[in-house]
Amino acid sequence: DILEQQARDIPINAATVNGQQVRFDVAALSGSFEGALNADHSAIQGTWIQLGKRIPLTVKRHMPGTSP
């Protein structure tokens, strides 16, 4: 989801995990994400890649009942 853009339920088309390394592809956005899990698996620090641009991004686990 991209809350700032009101975009929700965007599907991930492929995902791979190799040790601590994570990658997923989002065809609807012509983008992908590559990163590494932190020690407690609560976040993935990495890079969003879209249309030739690379943007640092941290993906964090959202726990039910908490604010995003």
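Buried residues (under 20% relative accessible area with a 1.4 Å probe, protein chains only) make up 19% of the 68 residues in the protein chain. The model is predicted: local features need pLDDT of at least 70, side-chain atom pairs count only at pLDDT 80 or more, and totals for chains, interfaces and linings use all residues. Residues are numbered from 1 along each chain as its sequence is written, and side-chain values use heavy atoms, with hydrogens and water left out.

**Exercise 1.** Find how many helices and strands the protein chain has.

*Solution.* Start with the terms: helices (H or I, at least four residues) and strands (E, at least two) are DSSP runs, numbered from the N terminus. Next, count: zero helices, five strands. Then read along the sequence: the pattern is β-β-β-β-β.

**Exercise 2.** Work out the order of the strands in the sheet and name the edge strands.

*Solution.* Strands pair if DSSP finds at least two bridges between them. The order is S1-S2-S3-S4-S5, in an open sheet with antiparallel pairing. S1 (14-18) and S5 (53-60) are the edges, since each pairs on one side only. From one strand to the next, the twist averages 20 degrees. Axes here are lines fitted to C-alpha atoms, and angles run from 0 to 180 degrees between N-to-C directions.

**Exercise 3.** Find how many bridges join S2 to S3, then locate the partner of Arg23.

*Solution.* Take S2 (residues 21-26) and S3 (residues 31-37): six bridges join these antiparallel strands. Now go to Arg23: its bridge partner in S3 is Glu34.

Notes:
Buried < 20%, exposed > 50% of the residue type's maximum accessible area, 1.4 Å probe, protein only.
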